[in-house]
Amino acid sequence: MKDQSRKATLCVHAGKEKSLNIEGVNTPIFTSSAIDFLDQEDVLYPRNFNTINQKVVAAKIAALETGEAGLVFGSGMAAISNSILALVKSGEHVLFQKDLYGGTYQMAMQMLPQFGISCSFAEANAEAMKSAIRPETKLIYIETPSNPLLRVTDMKVIADLAKNYGILTMIDNTFASPINQNPIKFGIDIVAHSGSKYMGGHSDLLFGAVATSHVLRKRISESGKILGSNVNATTCALIERSLKTLALRVLQQNKNAQALAEFLQQHPRVQQVYYPGLPDSPDHEIARRQMSGFGGMLSFEPALRSGADAESLIRRLKVIAPAVSLGGVETIVNMPARTSHSLLPQEERQKVGVKDILLRLSVGIEDVQDLREDLDQALQFAGVYATS
Ligand SMILES: Cc1ncc(COP(=O)(O)O)c(C=O)c1O
């Protein structure tokens, strides 16, 4: 946990622009998009990723991810798509892990092929990935823990494999947040985030981020300037404020999620809990090796009596709100079969283990006893629903 307490300091202080020499502890918001070009090394303009508020946020995120440099984008998908388009050309190939965020999957299936970039998918283990590598493979892309079953990919194994073939690696680190996992330490080249989740943390911001080396940052920013999906100064100031409490929030979310996973696991009206922090999770050992906290996301299958459905359980919850997205201070519940995986036919969903009754929780920072009581009363209700 030593590592995490240091991160709390980075959250508050990293990235400060000391040269400004201004009073006070906060970065002022520099709203100008028209900036003096004389006596400047660079053309300063918000689409060039080089205004003060953008740089402060990028530096804080780079520090938290142990990267040399960072970039801030207008959304998580902007961070992911800009990076891939910057690093992979027509005629080249991207190998994705099978369990992916829906937007990334859609991009791989529909958009990248239009640019002549071929995409394929493999299970997230070295053997499957190795046999899917092609001579033209340029990038291996993973996501861990995955959505919604919280499977954990061994990052070092994938990074080592890719290095043997001279292939770049990229990860979506949104679910873990930089507080729980730093993929660069395991050899991953590019770390992307949907900042709209844990980094923003209050369910009110849309942004994305990348942490990487100076060399790759330069390449991604050059194409990013053309594609143009940047963040203005006011949003950057809100992001900076959110990041100051990231460690505090995530540590509480980790604690609450662990407590809820244990509570649900022993609950008579729950069949199955998916959380890498549970000792009998199939990925617990890998998670222990590469994560410093198991995160705030968990999924479970309630044991419903016939006639009851997962929606009836959700409607009974009083503290926990039904909502898409994740990572905010409030606990929310989501039905992957109705949201992230709704485009897959039911048969396909069953194959990938996403049952219609699967519920995903993004655990917040509330008093965990209130969350336990809320889930308990809803589970009791759903259990007797058919006969009442
Ligand atoms: C794991 C993951 N990655 C990426 C994204 C895309 O982020 P954004 O909505 O900020 O574009 C999301 C959004 O839900 C996500 O859950």
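Which residues line the largest cavity? In this predicted model, the lining consists of Pro-145, Leu-150, Phe-175, Ala-176, Pro-276, Met-291, Phe-294, Gly-295, Gly-296 and Met-297. The space inside the largest cavity comes to about 40 Å³, and the count of cavities of 30 Å³ or more is one. By class, eight of the residues in the lining are nonpolar and two are polar, while no charged residue takes part.

In terms of class, the lining of the second largest pocket holds 12 nonpolar, 10 polar and nine charged residues.

Attention may now turn to Thr-51, a residue of the loop between helix H1 (2–13) and H2. Is this residue buried or exposed? Thr-51 has a relative accessible area of 10%, which is under the 20% cut-off, and therefore counts as buried. The side chain of Thr-51 also makes a polar contact of 2.9 Å with the side chain of Gln-54.

The ligand is the next point of interest. It is surrounded by 15 residues, and the closest of these are Gly-76, Met-77, Asp-172, Ser-194 and Ser-196. A polar backbone atom of Gly-76 lies 2.8 Å from an oxygen atom of the ligand. In Met-77, a backbone N or O atom is found 2.9 Å from a ligand oxygen atom. For Ser-194, the atom concerned belongs to the side chain: a polar side-chain atom of this residue is 2.8 Å from an oxygen atom of the ligand.

The last element to consider is helix H10, which covers residues 246–265 and has 20 residues. From its first C-alpha to its last, helix H10 reaches 28 Å, close to the 28 Å expected at 1.5 Å a residue. Why is H10 described as largely enclosed by the rest of the structure? Of its 20 residues, 14 are buried, so the helix is largely enclosed.

Methods: Residues are numbered from 1 along each chain as its sequence is written. This is a predicted model: local features need pLDDT of at least 70, side-chain atom pairs count only at pLDDT 80 or more; totals for chains, interfaces and linings use all residues. Side-chain values use heavy atoms; hydrogens and water are left out. Ala, Val, Leu, Ile, Met, Phe, Trp, Tyr, Cys and Pro count as nonpolar, Asp, Glu, Lys and Arg as charged, and the others, Gly among them, as polar. Helices (H or I, at least four residues) and strands (E, at least two) are DSSP runs, numbered from the N terminus. The expected span of a helix is 1.5 Å times one less than its number of residues. Buried means under 20% relative accessible area, exposed over 50%, partly exposed in between (1.4 Å probe, protein chains only). A residue is near a molecule or strand if one of its heavy atoms lies within 4 Å of it. A polar contact is a pair of N or O atoms within 3.5 Å; within protein, one must be able to donate a hydrogen and the other to accept it, and residues adjacent in sequence count only if both atoms are side-chain atoms. On a 1 Å grid over the protein atoms alone, a cavity is a set of points where a 1.4 Å probe fits but cannot get out, and a pocket is an open set with protein on both sides within 12 Å along at least five of seven lines; lining residues have an atom within 4 Å of a point. Grid points are joined across faces, edges and corners, and a volume is the space filled by probe spheres set on the points.
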